[in-house]
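My notes follow in the order in which I checked things.

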Amino acid sequence: SLALKAGTGGITFTSGQSVSVTGVASAATPYAVLGGDYYISCDVTAGILTITLPAAPATGRHLIVSDSVGQSGANTITIDGNGKSISLAGTSAGTKTIATAYRAVQLYYNGTLWNGSVLG
């Protein structure tokens, strides 16, 4: 079992580990991922959103991009690899799109490309 305590700007696990939660709305498009970002909670109620990944990510970098309000079926979230390919759902491309309500994508940079998996 896992217990989570949500705090301002992050999630703290019962083990004491904390992860950053960044809320981004469509008005911020394109949003450039920052060094401290880990979980990017997207609100696309008012329109589409592009999340631009770092141009020179550290090997081993993890990110989660999530449709937190269930509106990506109407207003998509585009993840831009910023010169790096994103391998997700059996294909690899420079951009990937979240177009299903409440969908999230977990990304891991392996030194060459972003490997992704769909959550939810």
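**Strand pairing and the core**

I began with Leu 107, whose bridge partner in E13 is Gly 116; this and everything below is read from a predicted model. I then followed the strands themselves and found E12 (residues 104–109) joined to E13 (residues 114–119) by six bridges, with the two running antiparallel. Four residues lie between the strands of this hairpin, and among them I looked up Gly 111, which takes a positive phi near 105°.

Next I turned to E7 (residues 62–67), which is antiparallel to E12 and joined to it by five bridges. In this pairing I noted that His 62 stands opposite Tyr 108.

Which residues have the most contacts inside the largest nonpolar core? I found Ile 51, Leu 53, Ile 79 and Leu 107, in a core of 20 residues. E5, E6, E7, E8, E9 and E12 each supply at least two residues of this core, and E12 gives the most, with three. I also listed what Leu 107 touches beyond four places away in sequence, and the list includes Leu 53, Ile 79, Ile 86 and Trp 114, as well as Arg 61 and His 62.

Last, I traced an open sheet of four strands, in the order E4-E6-E8-E11, and recorded its pairing as mixed. Its edge strands are E4 (31–32) and E11 (95–98), each of which pairs on one side only. E4 pairs with E6 in the parallel sense over two bridges, and there I saw Tyr 31 opposite Ile 51, the latter being one of the core residues noted above.

Key:
Residues numbered from 1 in each chain as written. Predicted model: local features only at pLDDT ≥ 70, side-chain atom pairs only at ≥ 80, totals over all residues. Heavy atoms only, no water. Pairing = 2+ DSSP bridges. Core = buried A, V, L, I, M, F, W, Y, C linked by side-chain atoms within 4.5 Å. Buried < 20%, exposed > 50% of the residue type's maximum accessible area, 1.4 Å probe, protein only. Contact = heavy atoms within 4.5 Å.
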